[in-house]
Amino acid sequence: MNDTDTPALRSAPIDARVDEDETDDAMSSVLGAFAWGLARDVRIAMRSKADLGVQLLFYVLVVSLFPLSTSPSRDVLAMLGPGVLWTAALLASLLSLPRLFAGDFVDGTLEQIALSPRPLPALVLGKTAAHWLTTGLPVAVMAPLLGAQYALDGRSLSMLAIALLLGTPILSLLGAIGAALTLGARGGGGLLALLVLPLYAPVLIFGAGAVDAVGAGMSASANVALLGAGLIIAVVALPFAAASAVRIALD
Amino acid sequence: MLINWYRFSSPVSFYPLASIGAQVFGIFAALLAGAGLFVALYVAPTDATQGDAYRIIYVHVPAAWMAMFIYLVMAGWSAAALGFNARLSAMMAQALAPTGAIMAALALWTGAFWGRPTWGTYWAWDARMTSTLILLFLYLGVLALRNAIEDPRRADRACALLTLVGAVNVPIIYFSVQWWNTLHQGSSISFTVAPKMAATMVAGILIMTAAAWCYTIAVALARVQAIIVERERGATWLESLIDLRQRGIGRSPA
């Protein structure tokens, strides 16, 4: 790992080494790292609210383009709705991924974070959680409103919100790996899409399937259970992969 | 006889072995492909329902099997590359990726040509076809990532991690796609109910699969030689090897 000359400090302080007496206690160290990563990235995101608005606007725009390109008929829209709302959520997640690490990578903060004694997977999980809170959550909240434009009924709309709430964190966690791997690589956004979108496929299938099932009057419990199981596995396993991706990027 | 296999984890000692291996497996591949095509095109009977159109199966099935199998092998080399920080393992993974992508593309392509006369369509969103398509995207992602990172050692580790994440995802993708397809529509033509095949047909497929296997090994070894030469250019052992060749000593690479 290269030593940077001076730690480049951004406006949010890097105080990952405070509470050194706590580092003996593994649990509090993990929780502290998580909370620190979360709080810092949420604070930074809140300082550029326009970025977040653009993110959400992108989602609204993509969703609004489909009726223009297909048909304004309620039957067609109700059939397309779940797939369109989910695909657009995937794209919105993809669009926001570079924000996760790129800024910290450029100014050297990421290197300092990786050097801190706190466990890196917990720090990465905190950053990813902040990413979800500022991108995935707004999309999940916004989706039912847009779903109403697609003539989805009330039960479908609530299922859409539930499925997105369960699915978008998985997207952020999978995306964190891709975002870290492409740090400093050529090719930018297109490369990230190629790496990440195939991995998103199962989430899309189960998420859109849940809304479809409710719309068809069937139970969506299997889809929801699979999304929930996927979320648990993703939260437990993917931060470690993302952390090693960060280490590879800093190598 | 005890062989110290770790000796071959160094590119210097592996290079001559790869050279021999590429030639031997290349010959095997050619012989097996010849025998396999003979069985496939002359010995095997015409299918009762599909006529001679079915004969593309002798390319299609081996390609589809190899596409999945190569990803598995690549994941194994990637795990070794990350776990032991072994250069040669990463080079093997790098050498396998293009062949895997070619096999996946070939499986899709021949599948389309087979589907047209028998199903009446080049493409259907069948579970297997869709998961092979996603597998192709995973291969292309690894190749693109390799291409996008300047430093070969960093590219090694990044590609290894991506391959492993993909390998964990492959079964999930496969089952999710199957689930999706069964939810939407019953598969119009089922692969799972295997029709009774003549013994010569099965033999043809197996010989062709062995040929594809040997071809993959031969090409991967030839490619790994190229990768070694590219990365070790300027190393003294390589220059002395080239020097020997120019004086007519030693065998030329495949």
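In this predicted model, helices α2(B) and α3(B) are roughly antiparallel to each other. The reason lies in the angle between them. Their axes cross at roughly 160°, and angles over 145 degrees count as roughly antiparallel. The axes also come within 8 Å of each other. Two packed helices are described by the angle between their axes and the distance between the axes. Helix α2 of chain B covers residues 57–84, and helix α3 of chain B covers residues 87–119. The crossing of α2(B) and α3(B) is left-handed. Where these helices touch, the contact has 23 nonpolar residues and 7 polar ones. No charged residue takes part in the contact of α2(B) with α3(B).

The two chains also meet. Chain A gives 20 residues to this contact, and chain B gives 23 residues. The largest share comes from α8(A), with 10 residues. By class, this side of chain A has 15 nonpolar, 3 polar and 2 charged residues.

Arg74(A) lies in helix α3 of chain A, which spans residues 74–96. Is Arg74(A) buried or exposed? Arg74(A) has 10 other C-beta atoms within 10 Å. A residue with 12 or fewer counts as exposed, so Arg74(A) is exposed. Arg74(A) and Leu152(A) are 78 residues apart in sequence. In space, their C-alpha atoms are 8.9 Å apart.

Note on methods
Residues numbered from 1 in each chain as written. Chains lettered and ligands numbered in written order. Predicted model: local features only at pLDDT ≥ 70, side-chain atom pairs only at ≥ 80, totals over all residues. Contact = placed C-beta atoms within 7 Å. Helix = DSSP H or I, 4+ residues; strand = E, 2+ residues; numbered from the N terminus. Nonpolar A, V, L, I, M, F, W, Y, C, P; charged D, E, K, R; others polar. Axes fitted to C-alpha atoms, helices over the stretch in contact; angles between N-to-C directions. Parallel < 35°, antiparallel > 145°, perpendicular 65-115°, else oblique. Left-handed = near helix turned anticlockwise from the far one by under 90°. Buried ≥ 20, exposed ≤ 12 C-beta atoms within 10 Å, placed from the backbone.
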